[in-house]
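Work through these exercises with the structure open. Try each task before reading its solution.

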Amino acid sequence: MKASKTKKYYETYDYNSRRPVFVELESLREDQKYRLMESKNFCMIPWTHIHGFPTGEAYPCCLGEMAHPIGNMRENTLEEIWHGDTYVGMREQMLKDQPSRECTRCYEQEAQGFFSMRNSHNKHFGHHINKVDQGVNPKFELVYWDIRFSNQCNLKCRSCGPMFSSLWYDDHVKMHGVKPNHKRIEWAGRNKNDIWEQMIPHIDHIEQIYFAGGEPLIMQEHYNILKELVKRKKFDVKLIYNTNFNETLYKDLDVLDYWGMFDSVSIGASLDASGDRAELMRKGCDWNKIVHNRARMLEKCPEVDFYISPTVSLMNVLHVPDFHKAWVECGFLKAQDLNVNILQSPDWYRADCLPEDLKAQATAKLEEHIAWLEPQDHLQRATNGFRSTISFMNSNDNTKHLEKFNRVTQQLDAVRTENFYTVFPELEELAKYA
């Protein structure tokens, strides 16, 4: 089923098309075409992937609803979770073309026009559609990896928490007076090396790896994987990153040396803002260091795909267009190289919490930015992301969460000796909702 991954598939690549990339449509049955390109419920993920939290919970993917894990890696092996009743039941829902409770975030995104992870996975892993013929209990072969080996992180972003950032632990204690329900540093499996050892047999099947965290560029497991891929000369494995881009050196290793070896590497820098705003939203980041790392990457491996992936929330929705345009104009990005990661939780940070006048300001600013962007955006990824942000922001009135936004903001400001509204004066009117 898998077609050659030649550039012909990308010469007419349409970011927003659901057409599967690595398979000829003529080779697909009608039911397969329907599932991949028309169904509102079907997703290839349960036949290709398991996602793991650093605290052990397993989900179908990183957007899976946290209230509905499919298993726990502290209690069962990945293979046991793969064949477990919960994941089997989810596949049954998919085959019946019925919605799954694990997938509500994708459904919400699609309703507002975003190209969801479900759509993207069907598009880029549709060549595995024959696996679906194996039914609800397919052979255990992971072709897409995204396991958060640990919560080791060098930052403590405002919209994050101790589950995904080891540095958040002390702030959580100061804010709430109690320790989190887990240790400062957590490992996804039954011991530090458990998940890595379970995944080694799947290297023969792997096609794509998504590295996130915590912060992947400071994790030993990340470099274990790269070294193993190099050892086996599996340079065709696609590497995709979500990184805060503060550290490109680890011990005696330079990640830029590795990226230049592989056929396809995409670096999604999780940068929400620039300057002082960046350093407040992602506490611990050094903006000058990020700028230096981008300049060094352009010098050392300019061919490696780089884009920014801002988590767009009520905090930065008015600022992201300025940040994006500034990086394009200074030569750090092409205009199309931005992927909107819309924040859906915590509730009090969602863009739809803004009052009407700020929504109107943000809408006007985004529309002006789209007018500048669209003629330069050949992928239409960034354009669609900003348009969908407008729809998402204006679809609900969630001002009811602004009281909690201010309460959490005041707590963090006190703990970190910061002042949110001094750094984000454009949002000062939100303070009246305290």
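**Exercise 1.** Decide whether Arg-296 is buried or exposed in this predicted model, and find its salt-bridge partner.

*Solution.* 
- Step 1. Take the cut-off: buried means under 20% relative accessible area.
- Step 2. Arg-296 has a relative accessible area of 19%, so Arg-296 is buried.
- Step 3. Look for the partner. Arg-296 forms a salt bridge with Asp-254, and the closest N and O atoms are 2.8 Å apart.
- Step 4. Asp-254 belongs to strand 9 (residues 253-254) and Arg-296 to helix 12 (residues 287-300), so the bridge ties together parts that are 42 residues apart in sequence.
- Step 5. Check the other end. Asp-254 has a relative accessible area of 11%, so Asp-254 is buried.

**Exercise 2.** Which residue forms a salt bridge with Asp-352? How many salt bridges does the structure hold?

*Solution.* 
- Step 1. The partner of Asp-352 is Arg-350, at 2.8 Å from N to O.
- Step 2. Asp-352 has a relative accessible area of 0% and is buried. Arg-350 has 8% and is buried.
- Step 3. Now count. The structure holds 31 salt bridges.
- Step 4. Salt bridges can also form a network. Arg-29, Asp-31, Arg-35 and Asp-133 are linked in this way.

**Exercise 3.** Why is strand 10 largely enclosed by the rest of the structure? Find the strands that join it as well.

*Solution.* 
- Step 1. Count the buried residues. Five of the five residues of strand 10 are buried, so the strand is largely enclosed.
- Step 2. Recall the rule: in a regular strand, side chains alternate between the two faces of the sheet.
- Step 3. Sort the residues by side. Val-265, Ile-267 and Ala-269 are on one side of strand 10, and Ser-266 and Gly-268 are on the other. Both faces are covered.
- Step 4. Find one partner strand. Strand 7 (residues 238-243) runs parallel to strand 10, and five bridges join them. Leu-239 has Val-265 as its bridge partner in strand 10.
- Step 5. Find another. Four bridges join strand 10 to strand 12 (residues 305-308), and these two run parallel. Here Ser-266 stands opposite Asp-305.

**Exercise 4.** Describe the surroundings of Asn-72.

*Solution.* 
- Step 1. Asn-72 is in strand 3 (residues 71-72).
- Step 2. Its relative accessible area is 17%, so Asn-72 is buried.
- Step 3. Set aside neighbours within four places in sequence. Asn-72 is then in contact with Gly-56, Glu-57, Ala-58 and Ile-81.

**Exercise 5.** Where does pLDDT stay under 50?

*Solution.* 
- Step 1. Take the whole chain. Its mean pLDDT is 95, and 97% of its residues reach 70 or more.
- Step 2. Find the exception. pLDDT stays under 50 over residues 1-11. The model has 24 contacts beyond four places in sequence for these residues.
- Step 3. Apply the rule: where pLDDT is low, predicted coordinates should not be read in detail.

Methods:
Residues numbered from 1 in each chain as written. Predicted model: local features only at pLDDT ≥ 70, side-chain atom pairs only at ≥ 80, totals over all residues. Heavy atoms only, no water. Salt bridge = Lys/Arg side-chain N within 4 Å of Asp/Glu carboxyl O. Buried < 20%, exposed > 50% of the residue type's maximum accessible area, 1.4 Å probe, protein only. Pairing = 2+ DSSP bridges. Contact = heavy atoms within 4.5 Å. pLDDT = per-residue confidence, 0-100.
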